[in-house]
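Student: I have a structure open and would like to go through it with you. Where do we start?
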Amino acid sequence: MTEEDSTGRRIDRRSILRYAGVGSAGVLAGCTGGGGDGGDDGDGDGGGGDGDGGSDTTPSPTQAEEADTETPSPRSGGELTVGFEAELTGLDPHRTSSVVSWVVVYNIAEGLITFEDGQPVGRLAEGWEISDDGLEYTFTLKQGVSFHPPVDREMVAEDVVYSFERMNQEEAMGGDLAAMESVEAEDDYTVTFTLSEPFAPFFNFLGRVPWVVIPEEAVEEQGGELGDFQEPVGTGPFQFDEHQPGNFLRMTAFDGYREDLPYLDAVRVRPVPDADSRVAALRGGDVDLARAVPGRSAESVRGDSNTSLLRQKATGWAQIHINCSVEPWNDPAVRRAVAHVIDRSSIVEAGVSGFGTAAWQPYAEGSIWNFDLGDSKRERDVEEAQRILEEAGNPLEDRTLRFKTNTRYAIMESTADLAIAQLRSAGIDAETEVLEWGTQLNDFLEGNFGAMAFSVPFKIDPDRHYYGFVHPSTNQWNKYGEEQPDAQEMYDLVARGRTETDQEARVEIYTEFQKLVNENVPWISIARTDDLIGLRSSVQGYESWLLPYTRYWTMWKDE
Amino acid sequence: MTTSIREYAVRRLLWAVPVLALVTFIVFGLVRLVPGGPAVVMLGADASPEQLAAVRAELGLNQPVYVQYLDYIGGVLGGDFGRSYVDNQRVGTAIASRLPTTLFVTLAGFVVSLSVAIPAGTLSAVKRGTKWDSVGLTFGLLGVSIPNFWLGIVLLLTFGVTYDVLPVAGYVSPLSDPVEGLRYLILPGITLGTAMAAIVTRMLRSELLEELQQDYLDAVRMKGVSETRTLVHAMKNAFIPVVTVIGMQFGYLLGGSIIIEVVFSIPGMGRLLVNAIASRDYITLQGIVIVYTTFFVAVNLVVDLTYFYLNPKLRGES
């Protein structure tokens, strides 16, 4: 039997189970996680940096917009300059929650696993076993992996234990490690994690950037405290060289890397926070690669003979979050009616210049988590909206719906602007309330909203999205209280999705859940947005898999 | 008894103390009134109440505000601006490493504006009613009307992309590499300096026109002094109000460099400020505002002292 991962690639289910064990349902693609900041990741038009810091992503293959048929063989040497959308705010991997810092860290330090072609593969781990009850994860480590200078010694199991204990202190990783009861070194090359209860997303988390292994002596050398480790030492293909905060960070090739990589001598990361300036810097040749190119600049990057545009699909998920505990949103009829008024395609056009897809769920067709709602999905149908409202006794009469939004993220701004325009044309009074992003985020966390345009990075494991949205044991962002239709069933589903160790059963669970979401509309899904990357034509070997964690070690310059 | 320049300077310096104290107080209060604290922005949408509480406690934000304020002021008086909430770096160090950059950018704007404004204003006044005057007036109008971030992007696209003669992103200190450093400062300097150049041009033109019609200049001319020398006489007097404007504009340049640093990706204090606001990094924010305020106070002092020097009336009986 075969199954499709989110890239649409067919993969053999048995091989997944062999790789991943039964306890890791979300392993088909990408890395999960969260707890990012969302605050300092710059111009995230296109959906990359938002809600919680872009910690999760899809491995869907980047689609080169300009067909690049020739594939010259890799060439060694050279320095690659990359334009980042934000400054690096802290490089301690166990502390920072900034996406751009993670991209750097990803090239310097390594975690136990990573994902390739949508499947988990070892990075520091050679192999792993997951116990049948999903409580014990045993990893065999690769031998002969060495830390960068000045540490210059082999990485062993004790380093893994040290690193996980370090990141588990002071709530550093929040609830992500909450299920971890202990981590122990059996011998130099074997590490066992014991969970207190089955937690299906745990395995995927191991591929997240912050879960990297670092040497204790280097940490102590730099002060020892969480947050002090600002010149990271790891086992990755690049080693830290120099950081002039705000100006640039330089990392150089690590001679002792276990593979014959990287090709580049060095990578220079240069923050260029203004999106227009970033595009100009790319076209002017000041940077070789520009991250987070806004949709409105796509034409100028495409039209320039020296640059090309890459598009990574569905890296963000935009939605209208609804607080189901406040009037008039506590009335399911209101939510259903609004869901029928929204024209998603126009929002995609306006918000991300068409670089996205109108969507009713975060998972694209082809992902195992995608469920075809068919005709039941609530599409734009103003008559239906009016019928629902009439049936409910016109709850929106003499009422104004308010949508909180911000101008920092174009997709959120457009979602709110177009939503109110469409509602007004349907005879429903509505207005936006534009906030500064940090303020909006605060209102989101405090439940101080009725409806809010929002966007989060793609998360491979549905638990990461849905559990926090509805389950009363967490923040319950959508305040979907027990009085709401099917509430208990929805709570049960997300709770079971978290502990169920059989993948097929999990797919069933989330399918049921999505049906209920479509029925009761605790939030309104708007679009999946794409991320755009601009490249100089001399840059080769860009392999996108876990965006935004670019692997610079596969890249080279052809000049 | 006459007021000596030293006495005047000391008096002004003493005034700076309450001004700075008031500014720290206001800034401290204001940043805390803004919804969404550093913990929220740091942890993002996934944050649980427990995590938020833990981070707030760690940052000392669960203390009463007055305790936080006194702690902070105590630290500042001892030269310790605290550590950034975001990356744990010393704020003093962060500011010290970025201040020179901002000063260079400001200075570049200053140099550009004066080297355009003084000739343009003078020419405009002397050649009043000619096409030179029209050019000067048009520049004066356009310069103040064009938003500098827009001008920055246009310059950047023209000279950085289309003609590709100047770098568009980044910064090299002129101290470490003078030639390369200046190349990086040309576009920011023009962008920043244009508005001030326009203002000073207009001001200088009108002051000089007024001065040139004064009777005393006829007396000077009757003595047989050349037209150029006469102009120098007039300019010294015309400069008194212009210096005030230049001084105030220097302060604005310092503020204006914030947007310039963002457009040209210059790692100065302005961008540090923008980041600090976005991430609600109160500690960094306060430190930067104190530094900016100190500069404003210092610039005002210098302006007043220059005024004092240029205008003998001020040195009269007190």
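Predicted model: local features only at pLDDT ≥ 70, side-chain atom pairs only at ≥ 80, totals over all residues.
Tutor: With a term: a salt bridge is a side-chain nitrogen of Lys or Arg within 4 Å of a carboxyl oxygen of Asp or Glu.

Student: OK, how many salt bridges are there between chain A and chain B?

Tutor: The count between chain A and chain B is three. In one of them, B:Arg280 pairs with A:Glu436, and the closest N and O atoms are 2.5 Å apart.

Student: What area is buried between chain A and chain B?

Tutor: About 3,400 Å², and carbon and sulfur atoms give 50% of that. Buried area is the accessible area (1.4 Å probe) that two parts lose on being put together, summed over both. In residues, 49 of chain A are in contact with 43 of chain B, contact being heavy atoms within 4.5 Å.

Student: New topic. What is the secondary structure of chain B?

Tutor: Chain B has 12 helices and zero strands. These are DSSP runs numbered from the N terminus: helices are H or I with at least four residues, strands are E with at least two. The C-alpha atoms of chain B fill a box of roughly 85 × 60 × 35 Å along the principal axes.

Student: At what angle do α10(B) and α11(B) cross?

Tutor: Roughly 85°, and the axes of α10(B) and helix α11 (residues 269–278) of chain B come within 7 Å. Axes are lines fitted to C-alpha atoms, for helices over the stretch in contact, and angles run from 0 to 180 degrees between N-to-C directions. That makes α10(B) roughly perpendicular to α11(B) (under 35 degrees counts as roughly parallel, over 145 as roughly antiparallel, 65 to 115 as roughly perpendicular, the rest as oblique).

Student: And which residues of α10(B) meet α11(B)?

Tutor: B:Ile258, B:Glu261 and B:Val262, and among their partners in α11(B) are B:Met269 and B:Arg271.

Student: What about α7(B) and α10(B), what angle do they pack at?

Tutor: About 30°, with the axes of helix α7 (residues 148–162) and helix α10 (residues 227–263) of chain B 10 Å apart. The two are therefore roughly parallel to each other. Residues including B:Phe149 and B:Leu156 in α7(B) meet B:Ile259, B:Ile260 and B:Val263 in α10(B).

Notes: Residues numbered from 1 in each chain as written. Chains lettered and ligands numbered in written order. Heavy atoms only, no water.
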